[in-house]
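The sequence and the structure come before the text.

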Amino acid sequence: MIEAKNLGKWFGQNKVVDSISFTVKKGEILGFLGPNAAGKSTTMRMITGYLAPNTGTALIGGHDVCQAPIAARRLLGYLPENAPVYPDMTVRAFLDFIAQIRGFSGKSRAAAVERTLEKCFLTEVKNQITSTLSKGFKQRVCFAQSILHDPEYLVMDEPTDGLDPNQKHEVRSMIREMGREKAILLSTHILEEVDAVCTRAVIIAKGKIMADDTPERLRRRSRLSGAVSLRVQTNDTNPLVAELEKLTGVAKVEVVEKTRDSAVLRAFPAQGAEALPDRLLRHLAQGGHRLESFSVETGRLDEVFRNITMPQKAA
Amino acid sequence: MELNRNWHTIKAIFLRELTGYFGSAIAYVFIVIFLVLCGFFTFSISNFYDAGQADLRSFFEWHPWIFLFLVPAVAMRLWADERKSGTLEILLTLPVTLTEAVLAKFLAAWVFIGVALCLTFPMPLTAMYLGGPDAGAMVSGYLGSLFLGGAYLAVGSMTSALTKNQVISFVLSVVICLFLVLVGWPPVTNFLTGWAPSWLIATVEGFSIWSHFVSMQRGVLDLRDLVYYLSLIFFALYGTGVIIETRKSA
């Protein structure tokens with residue numbers, strides 16, 4: 001288990017991280033979300049033992065990163081922000097160096113390097129100097145470094161940053177795959193990533209945890225969650241809106257978009273209303289309206305994210 | 001078990017650093033410049049042949065000045081580079097203690113300077129060909145140069161830890177090393193004699209690399225000189241560790 005206990009950090013007079021606590025269990029992939037400068041990287045640096053916290057501590061598999069840093073780091077793989085690698089080494093030499101430090105020797109060392117090269121699709125560039133590699137490859141080399149010892153715990157700071165869509169897909173499926181047995185903490189500001197890989201998400205802003213929930217439940221906090229969007233052929237929306245608002249179970253109807261001969265409406269369910277889509281469909285069919293599209297909103301993470309991280313600006 | 005792990009870690013970092021030196025052009029440029037300068041000063045400025053003495057004093061006496069510029073050039077990348085490329089974060093979140101990292105990097109650079117010193121072997125050979133030099137003085141002279149290099153290097157390691165800019169690290173360490181040499185250099189101490197009390201002069205001299213270096217060139221292997229060099233190296237490396245620990249987020 002990765003445990004953060006009241007982690008806090010000041011830089012001068014600035015409180016960058018304010019008493020953050022959470023846990024990541026094995027089998028969980030926790031997405032760490034937040035706007036830039038929210039304290040994501042600083043928190044991860046404290047968890048990995050790079051920065052000493054001003055308050056609190058972190059435990060990796062029961063080992064305190066401040067009291068027993070070596071034992072904690074042994075169980076941990078870490079992919080820092082911007083994926084740094086030694087510029088003057090070949091990919092293979094770099095991974096070999098990591099393997100040596102991780103305590104591999106002899107045949108198992110060579111095997112670990114080979115296995116990791118293959119797993120991260122680096123075999124074709126293994127003899128290339130890392131400074132000549134593209135951003136995507138560097139990212140993967142650093143990723144490879146973090147999983148070389150098959151750690152039980154992984155901390156990754158923006159693991160898909162700088163990758164193209166195909167590479168993102170590969171890395172995400174790799175993370176999902178590993179997430180079955182490992183405890184993984186990853187930071188990101190890409191919300192689709194949370195949906196794609198995370199089993200839980202923690203949203204932080206200004207150094208504080210604002211939400212800690214599964215992506216589905218977070219999405220349900222959205223104003224849009226449960227609303228029905230429909231595109232209808234009509235040139236006058238007002239009667240239709242009034243008509244729909246009279247239906248039981250409908251709290252409010254908004255006009256989202258209007259063109260000359262069609263309009264997109266959004267109906268919000270009243271508290272505790274059930275079977276809203278069915279009721280709407282029946283009503284529209286009976287009234288002889290022509291529907292072009294019809295969908296039930298599941299809620300949008302980006303909207304929830306905005307509401308949570310800047311409540312004063314949200315509409 | 002723990003010692004074994006220390007040793008493995010230090011060896012891994014040490015070898016990475018050393019192959020880093022020899023894998024880049026810096027190593028060869030350094031060695032060539034060092035050898036050329038040594039030869040130039042010994043033969044052309046000190047007139048080694050005209051002195052008519054089969055010893056290496058005219059060779060060793062230039063080392064504090066040659067090393068003054070070359071050793072900081074070797075040391076400047078030690079930590080500044082790690083900081084700049086961000087690999088410091090990787091290195092210090094691996095199961096590695098700061099002591100191991102500082103020591104391994106220092107030793108790699110020191111061994112590199114040792115290799116450069118070994119390549120001056122034609123000098124003692126020449127002296128031996130010309131006459132019977134005092135072998136003991138030669139050995140202690142080389143040891144003195146090696147410790148001198150180590151002391152400069154430790155200072156350079158400390159200034160390198162301060163910044164991600166190698167040039168700043170270089171300039172700072174040249175200034176500090178120059179200071180360490182000058183406080184014991186005869187022209188400076190002569191300036192003190194005559195008005196300052198003798199205990200003050202002795203204290204100032206005692207802090208200087210110069211006086212300790214000179215006594216080793218004479219073939220005097222004094223324990224006090226070794227203690228001086230080792231403690232200077234220890235304090236500068238300790239300082240390196242403290243600086244890295246406190247400036248990680250910089």
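The model is a predicted one. For B:Cys118, which is in no disulfide, the nearest cysteine sulfur belongs to B:Cys38 and is 13 Å away. A disulfide needs the two sulfur atoms within 2.5 Å. B:Cys118 has 55% relative accessibility and therefore counts as exposed.

B:Cys177 is also in no disulfide, and the nearest cysteine sulfur to B:Cys177 is that of B:Cys38, 17 Å away. B:Cys177 has a relative accessible area of 0%, so this residue is buried.

Strand β6 of chain A spans residues 76-79, and both of its faces are covered. On one side are A:Leu76 and A:Tyr78, on the other A:Gly77 and A:Leu79, and all of these are buried.

β6(A) runs parallel to strand β7 of chain A, residues 153-157, and four bridges join the two. In this pairing, A:Leu79 stands opposite A:Met156 of β7(A).

## The β12-β13 hairpin of chain A

Strand β12 (residues 250-258) and strand β13 (residues 262-269) of chain A form an antiparallel pair with seven bridges. Three residues lie between β12(A) and β13(A), and the two strands form a hairpin. A:Lys258 has A:Ala263 of β13(A) opposite.

How values were computed:
Residues are numbered from 1 along each chain as its sequence is written. Chains are lettered from A and ligands numbered from 1 in the order in which they are written. This is a predicted model: local features need pLDDT of at least 70, side-chain atom pairs count only at pLDDT 80 or more; totals for chains, interfaces and linings use all residues. Side-chain values use heavy atoms; hydrogens and water are left out. Buried means under 20% relative accessible area, exposed over 50%, partly exposed in between (1.4 Å probe, protein chains only). Two strands pair if DSSP finds at least two bridges between them.
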